[in-house]
Protein chains: 2
Amino acid sequence: MVDIATRVYNHKWKIDPIVRSLIDTDFYKLLMCQSVFRNKPDAQVTFSLINRTKTIRLADIVDEGVLREQLDHVRSLRLSRGESTWLRGNMFYGKRQMFRSDFMEWFEKLQLPAYHLEKVDGQYELTFEGSWPEVMLWEIAALSILMELRSRAVLKGMGKFELQVLYARAMTKLWEKIERLREVENLNVADFGTRRRHSFMWQDWCVQAMHEGLGDRFNGTSNCLIAMRREVEAIGTNAHELPMVYSALADSDEELAQAPYQVLADWQEEHDSNLLIMLPDTYGTEGFLERAPEWLDKWTGIRIDSGDPATGAEMAINWWKSRGQDPREKRIIFSDGLDDRKIIELANQFTGRVRVGFGWGTMLTNDFRGLVPDDALAPFSLVCKAVSANGRPTVKLSDNPRKAMGPADEIARYKRVFGVGDQTEMEVVV
Amino acid sequence: MVDIATRVYNHKWKIDPIVRSLIDTDFYKLLMCQSVFRNKPDAQVTFSLINRTKTIRLADIVDEGVLREQLDHVRSLRLSRGESTWLRGNMFYGKRQMFRSDFMEWFEKLQLPAYHLEKVDGQYELTFEGSWPEVMLWEIAALSILMELRSRAVLKGMGKFELQVLYARAMTKLWEKIERLREVENLNVADFGTRRRHSFMWQDWCVQAMHEGLGDRFNGTSNCLIAMRREVEAIGTNAHELPMVYSALADSDEELAQAPYQVLADWQEEHDSNLLIMLPDTYGTEGFLERAPEWLDKWTGIRIDSGDPATGAEMAINWWKSRGQDPREKRIIFSDGLDDRKIIELANQFTGRVRVGFGWGTMLTNDFRGLVPDDALAPFSLVCKAVSANGRPTVKLSDNPRKAMGPADEIARYKRVFGVGDQTEMEVVV
């Protein structure tokens, strides 16, 4: 029995939308959005797409008209009733009503602001301007659209069985990773791969495979839409965006020095327990921990997102000890450049000494390396960052100078204010 | 849009039939059936299932009730109108009306005869008795049912994604073989894998993948149902069954010595060109060729189905030369124990010296080796053979004594009549 209606319906699509929901985004974006909506609703922020992998000339690969259609489609999206119900009623991190009514009412009316797009030198300059809580929700949509349009462009010429075998290979590859991870006792791993996923459907497959293959070693996904549909936990806390914008808004060096802590002071007014995870590396982990106010000793954990992860974790453990805390009651979330072998190595090194969690990103949801000629599906380093706030440029230093961003003079000023000296350069793993 | 009707329809199946059509069988079975229908319609023949891999205790793995349901389902099948139309109207080996009207009228009314099933020592004794043209059509159905029930038994405990990854791995494995075969110029390979396939759906996938991946290097499939549905060539000529039964029916040693040639004399009354492929190994290739009547020099080719294939091919080439024939105008079909590397090796050795074709069986449609624990899906050596005709036992010697079958005294008599001396034992590759 052919379902004629479905067939006809599919055939009359104008486009095949990549982002089909405002909650096809990372959970921490919504947590941060609520925090920003409460604390800095009027800050005018600009987000900009940055392709760190210059050799991939996105504007030559992805058609501009097709890109505009996808971006326009995102602007046509509104929070649906079911999505709103889920956000209002679901338990997140053990808590109901995580999202306040005033925020939800605002979110239900939200349309994402306009975008600005041009081609320069084989790359797309794609920027979004607007009030911070509105414009920040473009980040994940823009990234996942560009990643998937690139995938589609590469897949276009392939035969039906060639395609099936491509996905068969990718499935096998992921399953072998899952089989290796299954051997790790007390593993806690979550999907953080929305932003640089191969495609939505592939991420959805990966999450389900992790769920079946790892059982309760799999903690959930950062992707709200997939978490809702597949009934798994939505996972995430906060990102560099908060200290970057708070810092750009600071009116003096003294305010700047305090900005990263002000972010967390605002954060803890709303959250507790497993959501009290600090991200210390925006302007150097070492200085951040040294100067941290006493109340940060009580926070639950730290996310390590740049630099050598073992070094960062040892630094955190020593810091907790120096502050009279028991590291075994603290949590470290690793989220930078992970793949299964790195996860196993770090789990072996730190489990028992501290509570360990992993936010596994690109190599979970986009490991198509080696599967097509010229490695044309290998993931690449695309980001979408807040580049200015109220007209002032943002700065990020991180624990890896290759991840630093901002104007040179401002980088120098931030290094002075935050006392950042020499740093070790490390290759950026997507 | 959920297709409710399809869902409900699927759910109310009593069983999921493995063989759903009387033409889900090898094309050569139908060619032979027509020949037998014409020449030996009244011979009473018994077919029997033989599991050469004793370590696989089929009766412990496959439930008897389920097996009976599948066998009963085959007895409920009749040739459908569309199947009959295809057999009557399709072009096979460049010829229309391959199947005569009297045969088709008989086939349209055919119901397969009863079966006899018991469990002995962890194996199934499954036999079929009846007039030769009717009973012979059980062979492929019985084999593919038992192979697939064994697959189903092993797959039963697996999770949804585990299953998907299992097939992903099998697909990848086959595709890698196809990629290697794609490098071989002037390759001619066909699917001969119906009898020991993993499952019908998997064979169907393999045929389509070969079609896309190899283009015109893929010649077609032995499976008539798949050939019809996928619009590829139906491939096959004749099998050991013919000389085995003709020989059992012989009333004297003199008649016995002539029986294998009588098969081919009957055959060439109906067929020409690429269907004139002799199968010389039933009672030893060497003696068969030495004593072959002159008219066999003109036949198009030889199928090598036991013994060392290169040795057999050299023997055939020398024989043609000794008979004043140009081997470059002759065809050799290799069909025993093939996998991609063996195919490539033989193609490199013989292409240019002779026309070469490959009938690739079990390792095409059932290479699940190494994909599940204890290798529980590895193919095994199951056959279903004519064991007697008009009450007399059949005998097969082949070019590999491990493939020999029949009572010891009859084997001795056949060896004497056909002048078969020492033979080299070779491992039987399924």
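This is a predicted model: local features need pLDDT of at least 70, side-chain atom pairs count only at pLDDT 80 or more; totals for chains, interfaces and linings use all residues.

User: Why is His240(A) called buried?

Analyst: The relative accessibility of His240(A) is 4%. Buried means under 20%, so His240(A) counts as buried. This residue is found in the loop between α11 (224-230) and α12 (241-249) of chain A.

User: Which residues does His240(A) touch, leaving aside those up to four places away in sequence?

Analyst: His240(A) touches Leu279(A), Asp281(A), Thr282(A), Asp305(A), Lys385(A) and Lys396(A). Contact here means heavy atoms within 4.5 Å.

User: What makes His271(B) buried?

Analyst: His271(B) has a relative accessibility of 5%, and the limit for buried is under 20%; His271(B) therefore counts as buried. Its place is in the loop between α13 (253-270) and β6 of chain B. Not counting residues up to four places away in sequence, His271(B) touches Leu31(B), Met98(B) and Leu276(B).

User: Is Gly370(B) buried or exposed, and how do you know?

Analyst: Gly370(B) has a relative accessible area of 61%. Exposed means over 50%, so Gly370(B) is exposed. Gly370(B) is found in the loop between α17 (362-365) and β10 of chain B. Although Gly370(B) and Arg169(B) are 201 residues apart in sequence, their C-alpha atoms are 10.0 Å apart in space.

User: What is said about phi in Asn390(A) and in Tyr93(B)?

Analyst: Asn390(A) has a positive phi of about 45° although it is not a glycine. Phi of Tyr93(B) is near 50°, again a positive value in a residue other than glycine. Asn390(A) lies in the loop between β10 (382-389) and β11 (392-393) of chain A, while Tyr93(B) is found in the loop between α5 (81-89) and α6 (101-109) of chain B.

User: What makes the contact between Glu176(A) and Arg169(B) a salt bridge?

Analyst: The closest N and O atoms of Glu176(A) and Arg169(B) are 3.6 Å apart. A salt bridge requires a side-chain nitrogen of Lys or Arg within 4 Å of a carboxyl oxygen of Asp or Glu, so the pair of Glu176(A) and Arg169(B) meets the rule. Across the interface of chain B and chain A, the rule finds 4 salt bridges. In this interface, 22 residues of chain B are in contact with 22 residues of chain A. The two chains bury about 2000 Å² between them, 63% of it on carbon and sulfur atoms.

User: Why are β5 and β6 of chain B said to stand at the edges?

Analyst: In chain B, 6 strands form an open sheet with parallel pairing, in the order β5-β4-β9-β8-β7-β6. β5 (218-221) and β6 (277-278) of chain B each have a single partner strand, so one side of each is left without a neighbour in the sheet. Helix α10 (residues 200-214) of chain B packs on this sheet, touching β4, β5 and β9 (355-360) of chain B.

User: How do you know that β4 and β5 of chain B pair?

Analyst: Strands pair if at least two bridges are found between them. β4 (residues 189-191) and β5 of chain B are joined by 3 bridges, so they qualify as a pair, and they run parallel. For Asp191(B), the bridge partner in β5(B) is Thr221(B).

User: What makes β2 and β3 of chain B a pair, and in which sense do they run?

Analyst: β2(B) and β3 (residues 123-131) of chain B share 6 bridges in the antiparallel sense. The requirement is at least two bridges, so they count as a pair. Among the residues involved, Glu118(B) has Glu125(B) as its bridge partner in β3(B).

Definitions and conventions:
Residues are numbered from 1 along each chain as its sequence is written. Chains are lettered from A and ligands numbered from 1 in the order in which they are written. Side-chain values use heavy atoms; hydrogens and water are left out. Helices (H or I, at least four residues) and strands (E, at least two) are DSSP runs, numbered from the N terminus. Axes are lines fitted to C-alpha atoms, for helices over the stretch in contact, and angles run from 0 to 180 degrees between N-to-C directions. Buried means under 20% relative accessible area, exposed over 50%, partly exposed in between (1.4 Å probe, protein chains only). Buried area is the accessible area (1.4 Å probe) that two parts lose on being put together, summed over both.
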